[in-house]
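I opened a notebook for this structure and wrote down what I looked up, in order. The entries follow the display.

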Amino acid sequence: MSEVAIRKAVISEHLRGLKMPGASREYQSLARQARDGGWAYEEFLRQVLEAEMRSRQERTAARRLQEAHFPDIKTMDQLDWDALKGISRPKLLELSSCAYLDRAEDIILAGPIGTGKTHIAIALGVEAARRRFRVSFIRAAELVRMLLEARDERLLGRLHRRLEGDDLLIVDELGFVPFDRAGGELLFNLLSERYERRSTLITTNLAFSEWVQVFSDAKLTTALLDRLGHHSHILTTRGSSYRSRNRDLEKNPSIKTKESETENKTMKD
């Protein structure tokens, strides 16, 4: 084996031992560029370290996406901006920067069923995971079930600690299934503990005045809304269900033309 081959093997072994797979993949290519370009030693080292940093960031982002347990991966690019009603594109792009997470602000997405709330919630969660924030996505009814089971098994503290570690907790479909008083109190306690410490994103098809139907306690509901509304972005979707609308369009494509004509007339008026 030549001296060059031995040196490459030793370097590769050292990089594996130091757990630097990004540098291991790219250092030979960077070494050729350094020789051809006459780089200073410090520049070559910088390039190798940056390759490793990029690799680690990509691996962390991939792990965060997996740990979030999204039902599907949906992104901002996949949003149908023309069909989305009630929420401005600049506001969503602002939130996609994830600056609200650094301020522990909350997001409430309210609106009729099928108007894109879950898609938006997942898309914002994906943006956060890609920036290496810890994210969890869970349906409200499933979260309450987990809290009740943890309480019964005396593991509630452990579950709270795990959920409190999430930079963003997405609670989807609040209001689809009402809770009993015990479930409502457990959810209230969890969300209250996250208040001003971590961000929570809630999607709901209920108006705030209807939340008492879910929590079965007027005082508790008022207290929760007071906390959530303090440092939060409240977004409201409008319109008919995407799924119903798409079925109607498949049956009668002229609907879209009529809708466009109506919107144009409204803008002129």
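How many helices and strands does the secondary structure of the protein chain come to? I counted 13 helices and five strands. Helices (H or I, at least four residues) and strands (E, at least two) are DSSP runs, numbered from the N terminus.

Before going on I noted the basis. This is a predicted model, in which local features need pLDDT of at least 70, side-chain atom pairs count only at pLDDT 80 or more, and totals for chains, interfaces and linings use all residues. Residues are numbered from 1 along each chain as its sequence is written, and side-chain values use heavy atoms, with hydrogens and water left out.

**Entry: the whole chain.** I looked up burial and found that 41% of the 269 residues in the protein chain are buried. Buried means under 20% relative accessible area, exposed over 50%, and partly exposed in between (1.4 Å probe, protein chains only). The accessible surface of the chain comes to about 15,700 Å², and carbon and sulfur atoms hold 51% of that surface. Accessible areas come from the Shrake-Rupley method with a 1.4 Å probe; for residues, only the protein chains shown count as cover. Among contacts with a separation of 6 or more, 79% join residues 24 or more positions apart. Contact means heavy atoms within 4.5 Å.

**Entry: two helices.** Two packed helices are described by the angle between their axes and the distance between the axes. I looked up helix α3 (residues 41–68) and helix α6 (residues 117–130): their axes come within 8 Å and cross at roughly 145°. Axes are lines fitted to C-alpha atoms, for helices over the stretch in contact, and angles run from 0 to 180 degrees between N-to-C directions. From α3 the contact takes Ala-61, Arg-64 and Leu-65, and from α6 it takes Val-126, Ala-129 and Arg-130. I sorted the residues of this contact into four nonpolar, no polar and two charged. Ala, Val, Leu, Ile, Met, Phe, Trp, Tyr, Cys and Pro count as nonpolar, Asp, Glu, Lys and Arg as charged, and the others, Gly among them, as polar.

**Entry: Gly-184.** I found Gly-184 in helix α9 (residues 181–194). Is Gly-184 buried or exposed? Gly-184 counts as buried because its relative accessibility is 0%. Beyond four places in sequence, Gly-184 touches Phe-179, Phe-215 and Leu-220. Ser-216 is 32 residues from Gly-184 in sequence, with 7.2 Å from C-alpha to C-alpha.

**Entry: Leu-228.** Leu-228 lies in helix α11 (residues 218–228). At 4% relative accessibility, I put Leu-228 down as buried. Leaving aside neighbours within four places in sequence, I listed Asp-106, Ile-108, Ile-202 and Trp-211 as the contacts of Leu-228.

**Entry: backbone angles.** Most residues other than glycine have a negative phi. I noted Cys-98, where phi is positive, near 70°. Cys-98 sits in the loop between α4 (89–96) and α5 (99–102), and is buried, with a relative accessible area of 1%. Ala-104 also has a positive phi, near 55°. I placed Ala-104 in the loop between α5 and β1; at 8% relative accessibility Ala-104 counts as buried.
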